Amino acid sequence: MPELPEVETSRRGIEPYLKGHTIMHAIVRNPRLRWPVSAEILSLSDQPVLSVQRRAKYLLVELKSGWIIIHLGMSGSLRILPEETEPGKHDHVDLVMDTGFVLRYTDPRRFGAWLWSSDLAASNVLAHLGPEPLSTDFTADYLLEKSRTKKSPIKPWLMDNKLVVGVGNIYASESLFVAGISPDRLAHSLKRDEAGLLVRTIKAVLLRSIEQGGTTLKDFLQSDGKPGYFAQELQVYGRAGEPCRVCGAPIESKKHAQRTTFFCPNCQQ
C-alpha cells in the first residue's frame, strides 16, 4: 500500500497540472472501487481546481463546490497523461483538464476510493485522524503523553492513525531502527529523551523518503510513471536474514498485529 511519502510524492507530481486549471469533466469507467465513486464526481463539469492537498494518505482536490477525496488503496496510482492516451484494463477514472492532459487513476485491485465532500471537517474518513507527523503538532510532549497508558508494543502503536497519521509499516520499522528502539518495547516505557528522539527520527525518515520520491514497491509509481528510490536506502524493512548495515548482525523479522516487523536485534536491544 502506498504510504505517506508516496502519497505526498503523488500530490507534488500532480499539483502543477491541476491547480489553477479547470476540470472539464470526469470519465469513470468502473465506479466499483472500495466504495462506489461519488455521484458528484460523475457529474463534474467546468470546475476550477483551487488547491491539491494531502491529509494522511488521502489526496484532497479542492474545487469551488467541494472536495474530491482520493485514496490510492492497495495498488492505486495516479499519472498525468495526454488526453488522447488510450486507457488500459485497470484505468478506472480520468479527470479531463482544459490543458489537454488527464489525471488518470489506475488500480488493479480496485481497493482505492474517489469520494466527495462539501465539508472536510464532517468527512467520515478524515474525522478520526491524528496529527500529521511532519507538523508542529507532533512533538515529544505529545507522544510521551499519549504513551503513558499504552501497554502494547511500540511498533503497532505508532501505526495507529488516531495517534499520528502516515507512519505505516515501512516507516515505523525504519524509524525505530534509526532511533535504536526495540519494536517490542511497550509504549508506556518510553522515556522523555526517547520520545524526542523518536519524533525527530520519524520526521527525518519521512522527509528523506519524500525527497527520494517515495519507496519503490511493486505497486507504486509516481505521477510521471517513474518509481521512487528510497527503497535503496532501507535499513531493515524487507531485509530479513541480511546483515545489518551498522553492526553486521542478521536482520530479523516477526509479526506485530499481523504485520511483519523488521529489526536488528543488536542495534535495537
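This is a predicted model: local features need pLDDT of at least 70, side-chain atom pairs count only at pLDDT 80 or more; totals for chains, interfaces and linings use all residues.
Modeller: Helices and strands here are DSSP runs, numbered from the N terminus.

Biologist: Where is the place of Arg109?

Modeller: Arg109 sits in the loop that joins strand 7 (101–106) to strand 8 (113–117). Because its relative accessibility is 44%, Arg109 counts as partly exposed.

Biologist: Which residues does the UniProt annotation "binding site" cover?

Modeller: A UniProt annotation may be inferred rather than shown by experiment. In this case the unreviewed entry puts "binding site" on His90, Arg109 and Lys150. These residues span 61 residues of sequence and are spread in space as well, up to 42.0 Å between C-alpha atoms.

Biologist: Where is His90 found, and which residues does His90 touch?

Modeller: His90 belongs to the loop between strand 5 (77–82) and strand 6 (91–97). Leaving out residues up to four places away in sequence, His90 touches Tyr105, Thr106, Asp107 and Pro108.

Biologist: Why does His90 count as partly exposed?

Modeller: Partly exposed is the range between under 20% (buried) and over 50% (exposed). His90 has 29% relative accessibility, so it counts as partly exposed.

Biologist: Which residues does the "active site" annotation cover?

Modeller: The unreviewed UniProt entry lists Pro2, Glu3, Lys57 and Arg259 under "active site". Pro2 lies in the segment before helix 1, and Lys57 is in the loop between strand 2 (45–55) and strand 3 (58–63).

Biologist: Is Pro2 buried or exposed, and is Lys57 buried or exposed?

Modeller: Pro2 counts as buried because its relative accessibility is 5%. Lys57 is also buried, with a relative accessible area of 14%. Apart from neighbours within four places in sequence, Pro2 is in contact with Val7, Lys57, Leu72, Gly73, Met74 and Gly76. The two annotated residues Pro2 and Lys57 are therefore in contact, given that contact means heavy atoms within 4.5 Å.

Biologist: With which side chain does the side chain of Glu132 make a polar contact?

Modeller: The general idea is a pair of N or O atoms within 3.5 Å. The side chain of Glu132 makes such a contact with the side chain of Arg55, at 3.0 Å. A polar atom of the Glu132 side chain also lies 2.7 Å from the backbone nitrogen of Ala56. Glu132 itself is found in the loop between strand 8 and helix 3, and with a relative accessible area of 14% Glu132 is buried. Among the residues Glu132 touches are Leu4, Phe138, Val164 and Val165.

Biologist: How many residues has helix 6, and which of its residues are buried?

Modeller: An α-helix has 3.6 residues a turn, so residues three or four places apart point the same way. Helix 6 (residues 192–211) has 20 residues; from its first C-alpha to its last it reaches 29 Å, close to the 28 Å expected at 1.5 Å a residue. Its buried residues include Ala195, Leu198, Val199, Ile202, Val205, Leu206, Ser209 and Ile210. The elements covering the buried residues include helix 1 (4–18), helix 3 (140–147), helix 4 (154–158) and helix 5 (169–179).

Biologist: Where is the place of Ala187, and which residues does Ala187 touch?

Modeller: Ala187 is in the loop between helix 5 and helix 6, and is buried, with a relative accessible area of 0%. Ala187 and Ile154 are 33 residues apart in sequence, yet their C-alpha atoms are 4.6 Å apart.

Biologist: Which residues touch the most other members of the largest nonpolar core?

Modeller: A nonpolar core is built from buried residues of nonpolar type joined through side-chain atoms within 4.5 Å. The largest has 26 residues, and Leu18, Leu44, Ile68, Leu95 and Trp114 touch the most other members. A second, separate core of 25 residues includes Val164, Ile181, Val199 and Leu206.

Biologist: How many disulfides does the count come to?

Modeller: A disulfide is a covalent bond between the sulfur atoms of two cysteines. The rule is two cysteine sulfur atoms within 2.5 Å, and the count comes to 0. For Cys244, the nearest cysteine sulfur is that of Cys264, 3.8 Å away. For Cys247, the nearest is again that of Cys264, 3.6 Å away. Cys244 counts as buried at 5% relative accessibility, whereas Cys247 counts as partly exposed at 35%.

How values were computed:
Residues are numbered from 1 along each chain as its sequence is written. Side-chain values use heavy atoms; hydrogens and water are left out. Helices (H or I, at least four residues) and strands (E, at least two) are DSSP runs, numbered from the N terminus. Buried means under 20% relative accessible area, exposed over 50%, partly exposed in between (1.4 Å probe, protein chains only). The expected span of a helix is 1.5 Å times one less than its number of residues. A polar contact is a pair of N or O atoms within 3.5 Å; within protein, one must be able to donate a hydrogen and the other to accept it, and residues adjacent in sequence count only if both atoms are side-chain atoms.
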